[in-house]
Amino acid sequence: TFVMYGFNGQVPGPRIRVAQNATITVRFHNRIDLPTTVHWHGVRLDNRSDGVPGVTQDPVPPGGDFTYTVHFPDAGIYWYHPHVREDIEQAMGLYGNLLVDSPDTAYYSPADRDVSLMLSDLLIHADTLIPFGREAPDFVLMGRVGNVLLVNGEPDYALSVHRGEVVRFFLTDVANARTWNLSIPGVPLKLLASDVSRFEREVMVPSVILAPAERYVVAAEFDRPGRYPLVNAVQAIDHYRGEFDAEVDTLGWVTVDSTPAAPDYRAAFRVLRANPAVSAEIARYRPYFDRPPDKRITLTVATSSLPLPTVQFMSVDTAYFHPVEWTDGMPEMNWLSTAREVRWILRDDSTGKENEAIDWHVRQGSVVKLRIYNDPHSFHPMQHPIHLHGQRMLVVSRDGVPTRDLVWKDTVLVPVGSTVDVLIDASNPGAWMLHCHIAEHLGAGMMMTLHVDPSR
Ligand code: C2O
Ligand code: CU
C-alpha cells in the first residue's frame with residue numbers, strides 16, 4: 001500500500017466526458033505538498049488555460065487555487081496532468097482522461113461499450129517506492145521506467161464482457177517513460193483513431209504501440225467465450241550481457257461469458273470503414289507535404305560530471321543503439337543520472353540555439369513543416385515522444401517514407417536515428433510548449449516555445 005496523489009482523491013482522476021464544442025470551467029485547488037498546475041493535453045484550448053508554469057501561469061502553490069476554462073473543439077480522447085515536476089506528480093497518480101463525444105453517433109464504427117485504459121507504471125523495490133530526486137529529477141537517461149505495470153492505477157486489471165461483444169478501448173500512455181506494445185492474443189483489433197482525430201481508413205492491427213502521452217482508439221471483437229490476457233510484449237535488451245530477451249507482461253484479463261451480446265456488432269466490426277470527412281479536411285494540407293521543411297530540430301543530449309563507471313559503460317554500450325528502448329536495461333546507471341549531470345536537447349538546426357533559447361514565431365493560420373532528427377551518435381541516444389501544445393499536426397513521413405493513413409496528432413514518437421516530418425496546423429494563437437513527454441527528459445531541459453502570433 002502506498003500513499004499516492006490523486007485528482008479528487010482518485011487514481012486515475014475522474015474521467016471528464018463532454019460533448020464536442022463544450023466549454024467547461026474547472027476550479028482547481030492544490031491540496032498536495034508541491035506546487036503544481038493542470039495541463040489539458042491535446043486540447044486546442046485558450047492559451048491562458050494551458051497550465052504551463054512560467055509560460056501561461058504561475059505555479060499554484062500548496063493551498064492555492066486556479067480556475068481553468070477548457071473548450072473542446074475536437075472529438076476524441078485527451079487527458080489532464082500537472083505541468084510541474086511531472087516525474088514525481090504524474091508518476092504518483094495525477095492523471096485523468098477527457099472523453100469528447102462527437103455529435104455524430106456513427107463517428108466510430110459501432111461497439112457495445114467504451115472502455116478507457118490509462119497505462120502507467122511504478123518503480124518499486126521490496127515494499128518501497130524508489131525515491132524521487134528532490135531538487136532535480138533522477139533516472140534522467142532512460143526516464144523512470146517502472147517495474148509494476150498499472151492499468152487505471154491497478155496491477156491486475158479485469159473486464160467482463162459477453163460473447164460476440166465489440167469493445168472500444170480508449171488507450172492513453174500516462175507513464176513517465178514507458179513505450180508499450182499492447183495486444184490481446186487471439187482477439188482481432190481494429191485501429192480507429194489517435195490523438196486528435198480518426199484515421200483516414202480503419203485498419204486491422206496485430207498490436208498497438210503507444211509512447212508517453214499518445215492515445216489510440218481500437219475496437220476489439222470478443223468472438224468466443226474464454227479468458228484473454230491484455231499483454232505488453234516487447235524486445236528487452238540486457239545492456240550488461242549484450243543480449244535480447246522477449247519480455248511479455250500480462251496487464252490484466254478480459255473474461256468473455258457465454259451470454260450472447262446484444263446488439264451484435266460483429267458484422268460492422270469486420271468492415272474496414274473509410275472516413276472521407278478526415279481525408280477531405282486533410283486535402284487542403286496536401287500541397288504542403290512535399291515542401292522543404294520550414295524548421296528543423298535535432299534531438300540530442302549533453303552530460304557533465306557523470307560518475308566515471310557510467311561514462312565508461314555508456315561508451316561501450318552505444319556501440320549498438322536500438323530505435324526504441326522498451327525497458328530499462330541499465331537501472332543503476334539510469335538512477336544515478338540526474339538533471340544536474342544530464343541535459344536533453346532540442347537544437348534548432350538553423351540557429352544552433354537550444355531548448356528555451358529557441359524562440360519561434362509563426363503567424364496564426366500558417367502551416368509549418370517541421371523536420372525532427374534524432375541523432376544516434378550522442379552519448380546516450382533514446383527515442384523521444386515529442387509533444388506540441390495547443391495545435392494539431394500530421395506526421396507526413398518517417399525517414400522519407402510517406403504516411404499512407406493519416407491522422408491528426410499532438411505527440412509523435414521519434415525513434416533513435418529517425419527523421420520525422422510533421423506538418424503543424426498553427427491555428428491557435430498563444431505561446432505553446434514543444435517538448436519531449438518523457439517526464440525526466442522534460443525535467444532535464446528538453447523543451448522550447450512556439451509562439452503563434454494572432455492574425456488580425
Ligand atoms: Cu502532456 Cu506539455 O504535456
Ligand atoms: Cu525524450
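Predicted model: local features only at pLDDT ≥ 70, side-chain atom pairs only at ≥ 80, totals over all residues.

Colleague: Where is Pro 12 found?

Modeller: Pro 12 is found in the segment before strand S1, which comprises residues 16-19.

Colleague: What should I look for in the backbone there?

Modeller: Most peptide bonds are trans, and most residues other than glycine have a negative phi. The peptide bond from Val 11 to Pro 12, however, is cis, with omega near -10 degrees. Another cis bond joins Ala 262 and Pro 263, where omega is about -5 degrees. Pro 263 is found in the loop between strand S19 (243-260) and helix H2 (266-269).

Colleague: What phi does Asn 21 have, although it is not a glycine?

Modeller: Asn 21 has a positive phi of about 75 degrees, and it lies in the loop between S1 and strand S2 (23-29). Asn 355, also not a glycine, has a positive phi of about 45 degrees. Asn 355 is found in the loop between strand S21 (342-348) and S22.

Colleague: Does Asn 355 count as buried or exposed?

Modeller: A residue is called buried under 20% relative accessible area. Asn 355, at 1% relative accessibility, therefore counts as buried.

Colleague: Let us turn to the metal. Which residues are the protein donors of the copper ion (ligand 2)?

Modeller: The donors are His 384 through ND1, Cys 436 through SG and His 441 through ND1, lying 2.0 to 2.1 Å from the copper ion. Along the chain their spacing is H-x51-C-x4-H. His 384 lies in strand S24 (residues 384-388) and His 441 in helix H6 (residues 439-443), so this pair ties together parts that are 57 residues apart in sequence. Both His 384 and His 441 are buried.

Colleague: How should I read a sheet?

Modeller: Strands of a sheet pair through backbone hydrogen bonds, either parallel or antiparallel. Here 5 strands form an open sheet with mixed pairing, in the order S22-S31-S30-S24-S28. Its edge strands, S22 (359-363) and S28 (411-414), each pair on one side only. From one strand to the next, the twist averages 20 degrees.

Colleague: How many bridges join strand S30 to strand S31?

Modeller: S30 (residues 430-436) and S31 (residues 447-453) run antiparallel and are joined by 6 bridges. Met 433 stands opposite Thr 449 in S31. A parallel case is that of S20 (residues 295-303) and S23 (residues 366-374), joined by 5 bridges, with Ile 297 opposite Ile 372 in S23. S23 also pairs with S29 in the antiparallel sense, over 8 bridges, and there Ser 366 stands opposite Ala 426 in S29.

Colleague: Which residues have the most contacts inside the largest nonpolar core?

Modeller: In soluble globular proteins, nonpolar side chains tend to be buried together. The largest nonpolar core in this model has 73 residues, and Trp 40, Ile 386, Leu 394 and Val 412 have the most contacts inside it. Strand S29 (residues 419-426) gives the most to this core, with 5 residues. Apart from it lies another core, of 32 residues, among them Leu 159, Val 208, Tyr 228 and Leu 251. Beyond four places in sequence, the residues that Val 412 touches include Ile 372, His 384, Ile 386 and Val 422.

Colleague: Is Arg 215 buried or exposed?

Modeller: Arg 215 is buried, with a relative accessible area of 0%, and it lies in strand S17 (residues 215-222). A polar contact of 2.6 Å joins its side chain to that of Asp 410. Leaving aside neighbours within four places in sequence, Arg 215 is in contact with residues including His 41, Tyr 78, Trp 79, Asp 195 and Asp 410.

Key
Residues numbered from 1 in each chain as written. Chains lettered and ligands numbered in written order. Heavy atoms only, no water. Donors = N, O, S within 2.8 Å, 3.2 Å for Na, K, Ca; no water. Helix = DSSP H or I, 4+ residues; strand = E, 2+ residues; numbered from the N terminus. Buried < 20%, exposed > 50% of the residue type's maximum accessible area, 1.4 Å probe, protein only. Polar contact = N/O pair within 3.5 Å; in protein donor to acceptor, adjacent residues only side chain to side chain. Contact = heavy atoms within 4.5 Å. Core = buried A, V, L, I, M, F, W, Y, C linked by side-chain atoms within 4.5 Å. Pairing = 2+ DSSP bridges. Axes fitted to C-alpha atoms, helices over the stretch in contact; angles between N-to-C directions.
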